[in-house]
Amino acid sequence: MRPVSGNGKFSAELVKRVEALWERYPDRKAALLPALHLIQKERDGWLSDETIRDAAELFDVPDMHIKGIVGFYDMFHGQPVGRHVVRLCKTLSCKLRGADELRAHVREKYGVLNGETTADGRFTFKCFECLGHCEVAPMMLVDEEKHTELTTDKLDAVLEALA
Amino acid sequence: MSGNGNVTLTIDGTEVTVPKGTNLIEAARRLGTHVPHYCYHPALSVVGNCRICLVEVEGMPKLQIACNTEARDGMVMRTRNERVEKGREGVMEFLLINHPLDCTICDQAGECKLQDYAFHHGAGVSRFEDEKVHKPKNVSWGDRVVFDSERCILCTLCVRFLDEVAGTDEVSIDARGDQVTLIVKADGKLTSPYQMNIIDLCPVGALTSRDFRFKSRLWFMQFADTICTSCARGCNTTVGVRDERVLRMVPRHNADVNGDWMCDHGRLHFAIANDDERLSVPRVDGRGVPYAVAAQRAADLLREAGDSAAAVASPFMTNEELHVLKLICDAAGIEKRLFLNPVGPGDELLVHSEKSPNARGAALLGFEAVDQDCEGVQEIDVLLYVTPREGIALPETVEARAKRRIVFAFHEREADVLFPLTTWIEKDGTVVSAGDRVQRLVKGFSRFGSLLTERAALEMVLQALEAGFEPAATPAQAFERVAAALAPFEGLTFTGVGAHGAPLGRQEVPA
């Protein structure tokens, strides 16, 4: 990571992208959501208290406002996560088409409950509210890629392939 | 149409005309109708999150929140009927689902909106059978405020006050749904010198005062509507007392002085009123004596000294006390009439740079403000000295310039005649606050039973000097004497000054 403009806590590239976001909103604070996604990615996929303080400094807002955002939105992580984040949809369509069985399978085979990370740090497993693909239920999101019409075999194939 | 920027609407069958832009809570207030609300405060932005202020507006299919609905011409609004009550009952049920209902040990009990509205709008029973959500309790927000997340109804009055009024923006919301809680920025400790106002604002027992909590049930206290004397602002306050002790002081609304707020320094500055070591009887040459004996001795000393005496008054004295002191100076021929005038940093909100309530009154009554060096007091025979509050005093070297000393003080000290000094909560009287506003002090209690105020003690001294003088029979009569002596007080009456004060130099319109 190269040191940088901004407040010197983030890479030059990230600061450049955040500055581009600022251009798009009437005030800087409004760009927090997209910016925090970028920051989260740069900081190993989660937002520690230290990262939150750094971001607060970059945005010149009190840290509590960012902490509140991280606490509110499920796609921001306030705790360390594995190398990948697996989000299994648990809402109506997916539930009717077997999400509960998939969840039980993950628990049996990989030993993780909702919110837990595998012992090898490969992935963090999260049961999620509707991810918007009811027509191809049940589905899951692995990092930013969706996998649809899941069966236990299909799910295993995806998870086994994760580095 | 009402025109002129006004709108006319009908509330519970009665027409009312209000300025355009008025919300329905304020419109109803005009008719003396209370629309229940937690999160709404007239001095803060509207968020509409508590939902208890539901009203029915004709033509709108759903109940509306009165705080965020603007009064419109021809609007027909109802604040009470079965539908509205049912709506409020539903809101109350949700608010109480995770509330701990620990009223028996909660400081807010007796002045809690959740209690009041549960009584007026609640169903009386709970249908909730599951375990309540548990959240952080007894969370320290620094040395003044304690937070209980389970009691919090998330109205965000504290969040908005600190952001919009105090300007420190230091409390915010964290998490979501039934897990929501309040968080404080940085190290979790509040920094605002006005932070304790959030305790008064909090409609429930989520924010409590570390100083006051668990000291007394509300209904065992008595209250005096007086003012704060920590600076010249004279914030209007209500002082809660019990067993001759001040337990707390909170701001009292006065749009012309302090709005709804006061600073923490003023609020917490009452230890002297509760001090058990205070002087309880007058002393002459170190021996306890009746007031009459001390007054006679003081009068003798002053008469002998004449113009070789000096009077150093205190700007913590009321106009009435200063007036009697002035009459003593007149009677004894004392020319040097001074007062110590404590000053310090002020701020842009309420804190004034004059650190006493009545420097203006002292000046009006002919006393000259001096600093602690007190050049005016050189070699003199007698010094009549009313000590101010802690933080400022004549240096011993200045006092030593006098051969004899008559002193009013809180504590035991060197003096030929020593009178006990009383605090602001032990007396009735008036002061002239910032903006030349006359405001009243209202007595909450008398300490030690027998303690006389400076006015009464000084009147005894004056009586000993001048046989014809009659002490004022009531605080109102004492005020009349001041008003008669000072031109700027013309037209003011004690009743007219009332609980909210009155500006100097303005004729009162006769009723």
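Modeller: pLDDT is the predictor's confidence in each residue, from 0 to 100. This is a predicted model: local features need pLDDT of at least 70, side-chain atom pairs count only at pLDDT 80 or more, and totals for chains, interfaces and linings use all residues. Residues are numbered from 1 along each chain as its sequence is written, while chains are lettered from A and ligands numbered from 1 in the order in which they are written.

Biologist: Over which residues of chain B does pLDDT stay under 50?

Modeller: Chain B has a mean pLDDT of 94, and 98% of its residues reach 70 or more. Where pLDDT is low, the predicted coordinates should not be read in detail. The model has five contacts (C-beta atoms, placed from the backbone, within 7 Å) beyond four places in sequence for the stretch under 50, residues 507–511.

Biologist: What percentage of chain B counts as buried?

Modeller: A residue is buried if 20 or more other C-beta atoms, placed from the backbone, lie within 10 Å of its own; 12 or fewer make it exposed, and between these it is partly exposed. Chain B has 511 residues. The buried share is 45%.

Biologist: Which residue is the bridge partner of B:Ser140 in β7(B)?

Modeller: β6(B) and β7 (residues 145–147) of chain B pair over two bridges. In β7(B), the partner of B:Ser140 is B:Val146.

Biologist: Which are the edge strands of the four-strand sheet in chain A?

Modeller: The sheet is open, with mixed pairing and the order β2-β1-β3-β4. Each edge strand pairs on one side only: β2 (123–128) and β4 (145–147) of chain A.

Biologist: Which residue of β2(A) is the bridge partner of A:Val85?

Modeller: Strand β1 (residues 84–89) of chain A runs parallel to β2(A), joined by six bridges. The partner of A:Val85 is A:Thr124.

Biologist: How many residues of chain B are in contact with chain A?

Modeller: Chain A contributes eight residues. The model scores ipTM 0.83 and pTM 0.91. On the chain B side, the count is 11.

Terms used:
Pairing = 2+ DSSP bridges. Contact = placed C-beta atoms within 7 Å.
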